[in-house]
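Take a walk through this chain, from the overall fold down to single side chains. Keep the sequence and the model side by side.

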Amino acid sequence: MLIQDWEYFLELARCGNLNQAANNLYITYQGLRKSLIKLEEELGDKLFIRMPNSAVKLTEFGEYVYKHLADPLTRYWKESLIASETFQTFRSKSLKIGIPSPYSRMFAQLNIICSELKIIMVFLH
């Protein structure tokens with residue numbers, strides 16, 4: 001499961017139409033469907049009910065996932081964009097973030113973000 005799959009899920013949930021979501025995301029209809037099918041398989045439940053004319057409606061499970069995922073992912077994307085822009089302004093091309101412990105919840109989240117963005121974490125003593 002990729003962050004990209006979640007981004008696709010959110011856009012489809014917002015607009016309610018596979019063709020429109022694919023256009024908004026600049027991907028193919030088939031690529032969006034494939035991502036959605038993969039996400040549903042990994043979660044073990046359907047997120048959308050397919051309707052005529054490429055329309056979709058969130059299932060009860062999809063509503064629950066959307067309710068609990070939309071705000072955190074939107075914040076993640078905004079914070080990632082800010083971090084990326086900030087990172088580009090540094091001449092040394094390094095960004096130092098202090099965290100309390102490698103066993104903290106923040107560390108786990110940061111590790112996921114870094115792996116998605118292909119950033120190498122370096123531990124300083």
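Accessible areas come from the Shrake-Rupley method with a 1.4 Å probe, and for residues only the protein chains shown count as cover. On that basis the chain has an accessible surface of about 9200 Å², and carbon and sulfur atoms hold 57% of it. This is a predicted model, so local features need pLDDT of at least 70 and side-chain atom pairs count only at pLDDT 80 or more, while totals for chains, interfaces and linings use all residues. Residues are numbered from 1 along each chain as its sequence is written, and side-chain values use heavy atoms, with hydrogens and water left out.

Start with the fold. Helices (H or I, at least four residues) and strands (E, at least two) are DSSP runs, numbered from the N terminus. The chain has five helices and two strands. Their order along the sequence is α-α-α-β-β-α-α. Of the 125 residues, 30% are buried. Here buried means under 20% relative accessible area, exposed means over 50%, and partly exposed lies in between (1.4 Å probe, protein chains only). A contact means heavy atoms within 4.5 Å. Among contacts with a separation of 6 or more, 46% join residues 24 or more positions apart.

Now turn to helix 2, residues 18-25. Leu18, Ala21, Ala22 and Leu25 are buried there. They sit on the same side of helix 2, because they cover an arc of only 100 degrees around the axis. That arc is taken from the directions from the helix axis to the C-beta atoms. The general rule is simple: an α-helix has 3.6 residues a turn, so residues three or four places apart point the same way. What do the buried residues of helix 2 pack against? Their partners are helix 1 (3-15), helix 3 (29-43) and strand 2 (56-58).

Look next at the ends of helix 2. Asn17 lies in the loop between helix 1 and helix 2. Asn17 caps the N-terminal end of helix 2, with a side-chain oxygen 2.9 Å from the backbone nitrogen of Asn19. This is a polar contact: a pair of N or O atoms within 3.5 Å, where within protein one must be able to donate a hydrogen and the other to accept it, and residues adjacent in sequence count only if both atoms are side-chain atoms. After helix 2 comes Tyr26, with a positive phi near 60 degrees.

A polar atom of its side chain lies 3.3 Å from the backbone oxygen of Asn53. Asn53 is exposed, at 69% relative accessibility. Ser54 is buried, at 16%. Phi is positive in both, near 60 degrees for Asn53 and near 65 degrees for Ser54. Most residues other than glycine have a negative phi.

Finish with the charged pairs. A salt bridge is a side-chain nitrogen of Lys or Arg within 4 Å of a carboxyl oxygen of Asp or Glu. The count comes to three. Asp5 and Lys38 form one of them, at 3.2 Å from N to O. Asp5 lies in helix 1 and Lys38 in helix 3, so the pair ties together parts 33 residues apart in sequence. Asp5 is buried, at 3%, whereas Lys38 is partly exposed, at 31%.

Glu40, Lys46 and Arg50 are linked in a salt-bridge network. Glu40 meets Lys46 at 3.8 Å and Arg50 at 3.2 Å. Arg50 lies in strand 1 and Glu40 in helix 3, so this pair ties together parts ten residues apart in sequence. Glu40 is buried, at 4%; Arg50 is partly exposed, at 33%.
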